[in-house]
Amino acid sequence: REKPMRLVLIVEAQADADAASILADRVFIEGDADWIDAETLPDLRQWTGIEPQTPYTRWMGLGSLATQHRIRAHGRGLGPDGAAARKALLLVIQAHTQDDDIEAAVVVRDMDNQPERRVSMDAARAELADRLPFQVAIAAPDPKREAWILLGYEPQNDQEKTLLVNECKRLGFDPVTGPERLRGDRRRSANQKDRDMKLVIERLTQGEYDRERQCLATTRLSILRARGQLTGLTDYLNEIEARLLPLLDPSV
């Protein structure tokens, strides 16, 4: 391959792009392929948006892109998330006609305790299956990406051990092993506000975004898989392993 293959990211925000790409890269590097490591990976893949000069494409920008490229995506019967996923995939299909280095699309969408969102995104992928010249992996954090951060939180020093102990006392349970018990949205009462996962993460990481990234970048994948059954994380790691990792095989 003369150029790295393009992996197109469709996300809500930069943090989602970071999480999805960090985890996928780890599956690539830590898999059974002995020719892939941290040094060779940049030559094998490139994370971009639908437009090659962008690092990712945001869901909220799909409408203007579709208008610009004269794509009409009805999405009837798929629900709002399925319709958006269908529009995203049609845009990537069109982009692929201009650049066959596009080998996959990774669509990332918070579920917000609405599992039907994942169902509708799966339906959009299945409906377009015969037209897709690339792989599609779905990342569906439930309720939000922040749950995945908590799953990877492992205290690095005595201060962080104390922070986690205090958080467990405050909540009445361990947010690292049970982030699905937290709330993904803000509530008015003091009790419910304490369970806002964004606030829990802010307290545990002391507001350091690099510490958030570290939770996904360094915690063993086996731990993330074991903890991530209820939050969509295990499903995402499995999709990357099954759908995207084989793309890096030079013999294929």
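Let me start with a term: a helix crossing is left-handed if the near helix is turned anticlockwise from the far one by less than a right angle, and right-handed if clockwise. A quick word on the model: it is predicted, so local features need pLDDT of at least 70, side-chain atom pairs count only at pLDDT 80 or more, and totals for chains, interfaces and linings use all residues. Residues are numbered from 1 along each chain as its sequence is written, and side-chain values use heavy atoms, with hydrogens and water left out.

Okay, on to the helices. When I say helix I mean a DSSP run of H or I with at least four residues, and a strand is a run of E with at least two, both numbered from the N terminus.

First pair: α1 and α12. They pack at an angle of about 55°, with axes 10 Å apart. The axes here are lines fitted to C-alpha atoms, for helices over the stretch in contact, and the angles run from 0 to 180 degrees between N-to-C directions. That angle makes α1 oblique to α12; the scheme is that under 35 degrees counts as roughly parallel, over 145 as roughly antiparallel, 65 to 115 as roughly perpendicular and the rest as oblique. And here's the crossing I opened with: α1 passes α12 right-handed.

So who touches whom? Contact means heavy atoms within 4.5 Å. From α1 we have Ala20, Leu23, Ala24, Val27 and Phe28, and from α12 Leu233, Tyr236, Leu237, Ile240, Glu241 and Leu244. Sorted by class, that contact has ten nonpolar residues, no polar ones and one charged. For the classes, Ala, Val, Leu, Ile, Met, Phe, Trp, Tyr, Cys and Pro are nonpolar, Asp, Glu, Lys and Arg are charged, and the others, Gly among them, are polar.

Let's stay on α12 for a moment. For anyone reading along the helix, an α-helix has 3.6 residues a turn, so residues three or four places apart point the same way.

Glutamate 239 gets its own mention. This residue sits in α12, and at 11% relative accessibility it counts as buried. Beyond its neighbours within four places in sequence, glutamate 239 contacts Arg118, Arg125, Val136, Ala137, Ile138 and Leu244.

Back to α1, residues 14-30, which also packs on α10, residues 209-217, at about 30° with the axes 9 Å apart. These two are therefore roughly parallel, and the crossing is right-handed. The α1 side brings Ala15, Asp18, Ala19, Ile22, Leu23 and Arg26, while α10 brings Tyr209, Arg213, Leu216 and Ala217. That splits into seven nonpolar, no polar and three charged.

Glu160, Leu163, Leu164, Glu167, Arg170 and Leu171 of α7 meet Val200, Arg203 and Leu204 of α9. Here the classes come out as five nonpolar, no polar and four charged.

A couple of single residues next. Alanine 66 is in α3, residues 62-68, and is buried at 3% relative accessibility. Apart from neighbours within four places in sequence, alanine 66 touches Ile71, Lys87 and Leu91. Glutamate 127, in α5 (residues 116-127), is partly exposed at 41%. Leaving out residues up to four places away, glutamate 127 touches Leu78 and Arg86; its C-alpha is 8.5 Å from that of arginine 86, though they are 41 residues apart in sequence.

Most residues other than glycine have a negative phi, and most peptide bonds are trans. Which bond is cis here? The one joining aspartate 142 and proline 143, with omega about 0°; proline 143 is in the loop between β5 and α6. Aspartate 112 has a positive phi of about 50° and lies in the loop between β4 and α5. Glutamine 206 also has a positive phi, about 55°, in the loop between α9 and α10, and is partly exposed at 46%.

Definitions and conventions. Buried means under 20% relative accessible area, exposed over 50%, partly exposed in between (1.4 Å probe, protein chains only).
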